[in-house]
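Okay, thanks for having me, let's get going.

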Amino acid sequence: SNKRLLGKTAVITGGGSGIGRAISLLFAKEGAFVHILELNTERADMLTDEIQASGGQAQAHVCDVSNQQSVLEVMARINTVDILVNNAGIAHVGDVEHTNETDFDRIYTVNVKGAYNMLYAVVPRMKKQGAGAILNMASIAALVGITDRFAYSTSKGAIYAMTLSIARDYLHHGIRCNSISPARVHTPFVDGFIAKNYPGQEAEMFEKLSKTQPIGRMAQPDEIASMALFLCSDEAGFITGNDYPVDGGFVKL
Ligand code: NAD
């Protein structure tokens, strides 16, 4: 078989929607056993059924990554973890003047503490195995700052630093850690945002958002998943402690 993740076990947080969903589908197709950790049970169950129906292996777990108890309970049911994808994340719109304490805490609790909770649970077993690949979902917001995204951008900056910290501390334990920084990706989140805020002008708004990307369109979730696959596979054995923008030119052009 030429499957690229054959025999590997992957844990993917927020694996039920958007980018996480595309990663779950691709990793399963490439032979991995995929554990989908999701707040949204329905989404995770439907995706698990879909993966199994096409001959893949997957299991859904209800989990709130921001809650350490919840993470430890779920991880106690999973043995080996070869690959961890810290993908679960939420967004918030507002500059610092429009970010109250509740907003700030909510974003940091999910995006930053959620990633920490997963690392705290998974890194010890990867260390014991002497092998592991970790992928964190950052954002171009971490690299350039995005207008009106104070809490979100800074939380993704923390994710970027977590990538460096983990990569450095476990460099000699066979654990690689990298991150991806996507520009805008066409996920259900984007459609929902447009439908809610611009009813009747969906097509125009979609065009407008697409034009804010240097390449002239948003990414498809699959275009993030293909980079995730490469970074989590053994083909990327020499790659650790770096961030990879998948951004249609956003950062540099
Ligand atoms: P999405 O909202 O479509 O999916 C995120 C999933 O995470 C959802 O299924 C949700 O139920 C789950 N989730 C949320 N909070 C959770 C929690 N506490 N515990 C467990 N699961 C939880 O989002 P997406 O657009 O696919 O984004 C995925 C990641 O990529 C996020 O970290 C996001 O910040 C990042 N990102 C997205 C874009 C974009 O344009 N969509 C761009 C750059 C970075």
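Let me start with a term: a nonpolar core here is a set of buried Ala, Val, Leu, Ile, Met, Phe, Trp, Tyr and Cys residues joined through C-beta atoms within 7 Å. And "buried" means that 20 or more other C-beta atoms lie within 10 Å of a residue's own, "exposed" means 12 or fewer, and "partly exposed" is in between, with C-beta atoms placed from the backbone.

Quick housekeeping. What you see is a predicted model, where local features need pLDDT of at least 70 and side-chain atom pairs count only at pLDDT 80 or more, while totals for chains, interfaces and linings use all residues. Residue numbers run from 1 along each chain as its sequence is written.

So, the core. The largest nonpolar core has 69 residues. Those with the most contacts inside this core are Ala 10, Ile 23, Phe 27, Val 34, Val 122 and Ala 228. Which helix gives the most to it? That's H4, residues 101–129, with 10 residues. When I say helix, I mean a DSSP run of H or I with at least four residues; strands are runs of E with at least two, and both are numbered from the N terminus.

Take Ala 10 from that list. Leaving aside its neighbours within four places in sequence, Ala 10 is in contact with Leu 5, Phe 27, Ala 32, Val 34, His 35, Asp 82, Ile 83 and Val 85. Contact means that the two C-beta atoms, placed from the backbone, lie within 7 Å.

Now Ala 28, which is found in helix H1. Buried or exposed? Ala 28 counts as buried, because it has 25 C-beta neighbours inside 10 Å. Beyond four places in sequence, its contacts are Val 34, Ile 51, Gly 56, Gln 57 and Ala 58. For a sense of scale, Ala 28 and Arg 176 are 148 residues apart along the chain, and their C-alpha atoms are separated by 21 Å.

Back to H4, for some helix packing. In general, two packed helices are described by the angle between their axes and the distance between the axes. Here, the axes of H3 (residues 68–76) and H4 come within 9 Å and cross at roughly 35°. Those axes are lines fitted to C-alpha atoms over the stretch in contact, with angles running from 0 to 180 degrees between N-to-C directions. Who makes the contact? On the H3 side, Gln 68, Val 71, Leu 72 and Met 75; on the H4 side, Asn 117, Met 118, Ala 121 and Val 122. By class, these residues divide into 6 nonpolar, 2 polar and no charged. The classes are simple: Ala, Val, Leu, Ile, Met, Phe, Trp, Tyr, Cys and Pro are nonpolar, Asp, Glu, Lys and Arg are charged, and the others, Gly among them, are polar.

Also in H4 is Lys 127. Lys 127 is partly exposed because it has 15 other C-beta atoms within 10 Å. Away from its sequence neighbours within four places, Lys 127 touches Tyr 170, His 173 and Ile 175. Its C-alpha is 29 Å from that of Ile 90, which is 37 residues away in sequence.

Next, domains. There's domain 1 (9–183 + 221–245) and domain 2 (185–218), with bounds from an automatic or database domain assignment. Their C-alpha centres lie 24 Å apart.

Asp 247 sits in the segment after strand S7 (242–246), and Asp 247 is buried because 22 other C-beta atoms lie within 10 Å. Outside four places in sequence, Asp 247 is in contact with Ile 140, Ser 181, Pro 182 and Ala 183.

Then Asp 148, in the loop between H5 (140–144) and H6 (150–169). What's its phi? Near 65°, a positive value in a residue other than glycine. Asp 148 is exposed, since 12 other C-beta atoms lie within 10 Å.
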